[in-house]
Amino acid sequence: MRRRNGLPPSTRGLAATGLLVAATAITGVLVCQSAPSPVRLAGAVLRGDHGGRAHLDDGGLPNGVTVFADEYPGVANLAPDLMGALRAAATEAGNDAIQFRVNSGWRSREHQNRLRRAAVAKYGSPEAAARWVATADTSAHVSGNAVDLGPDAAAWLSAHGAAYGLCQIYRNEPWHYELRPEAIAHGCPAMYPDPAHDQRMRQ
């Protein structure tokens with residue numbers, strides 16, 4: 001039997017098959033790692049304007065913007081009391097090497113309406129969309145009274161936010177924080193399961 005590269009034909013065939021299987025497995029792992037998970041997709045839709053999907057004048061924010069970035073309307077148009085609490089907390093969190101990055105803050109009515117229409121299309125009805133996106137008339141983002149934060153800041157606030165009056169409001173939105181000054185003395189109130197259970201959303 002003639003050999004090439006020191007291997008008989010049958011062995012070369014087995015080796016080639018092994019390489020093909022290994023390459024297929026590696027490709028599958030890479031595809032799985034690069035494909036966004038349902039949780040990541042939901043987060044991107046719900047946070048809405050992260051990554052420049054909205055114009056800056058509408059409240060859109062580029063990646064990496066912090067609560068100190070007054071040059072962006074999405075940050076600068078937050079309510080002053082909320083802004084003060086966020087910056088005080090962010091300063092303290094900086095001692096733990098945590099940055100308060102803002103995914104979404106103030107939003108224009110037009111941008112909120114776009115998010116609402118997208119949610120209705122995604123979830124199939126206004127009732128289903130209400131679990132995730134408020135109307136422009138009821139949204140705390142439009143009034144400047146809510147901020148969606150990156151995961152590091154949200155995790156830090158879950159442990160320390162009440163001391164600054166900063167509370168997670170909806171159980172299904174761990175990134176969404178609002179100011180509740182009474183939390184400084186009494187702790188944050190019980191969370192709503194989602195915005196559809198919030199009486200403010202039914203006005």
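Me: Is Asp 194 buried or exposed?
Reply: This is a predicted model, so take the number as computed from it. Buried means under 20% relative accessible area. Asp 194 comes in at 4% relative accessibility, so the label is buried.

Me: Which side chain meets Asp 194 in a salt bridge?
Reply: The contact runs N to O at 3.1 Å. The partner lies in the loop between helix 6 (126-129) and strand 2 (147-149), while Asp 194 sits in the segment after helix 8 (183-186), so the bridge ties together parts 63 residues apart in sequence.

Me: How many residues apart are Asp 58 and Arg 114?
Reply: Their side chains meet in a salt bridge at 2.9 Å, N to O. Asp 58 is in the loop between helix 2 (38-47) and helix 3 (73-76), and Arg 114 is in helix 5, so the pair links distant parts of the chain. Asp 58 is buried at 18%, whereas Arg 114 is partly exposed at 35%.

Me: How much space lies in the largest cavity?
Reply: A search of the whole structure turns up one cavity of 30 Å³ or more. Its lining divides into nine nonpolar, five polar and four charged residues. The space inside is about 170 Å³.

Conventions: Residues are numbered from 1 along each chain as its sequence is written. This is a predicted model: local features need pLDDT of at least 70, side-chain atom pairs count only at pLDDT 80 or more; totals for chains, interfaces and linings use all residues. Side-chain values use heavy atoms; hydrogens and water are left out. On a 1 Å grid over the protein atoms alone, a cavity is a set of points where a 1.4 Å probe fits but cannot get out, and a pocket is an open set with protein on both sides within 12 Å along at least five of seven lines; lining residues have an atom within 4 Å of a point. Grid points are joined across faces, edges and corners, and a volume is the space filled by probe spheres set on the points. Ala, Val, Leu, Ile, Met, Phe, Trp, Tyr, Cys and Pro count as nonpolar, Asp, Glu, Lys and Arg as charged, and the others, Gly among them, as polar. A salt bridge is a side-chain nitrogen of Lys or Arg within 4 Å of a carboxyl oxygen of Asp or Glu. Helices (H or I, at least four residues) and strands (E, at least two) are DSSP runs, numbered from the N terminus. Buried means under 20% relative accessible area, exposed over 50%, partly exposed in between (1.4 Å probe, protein chains only).
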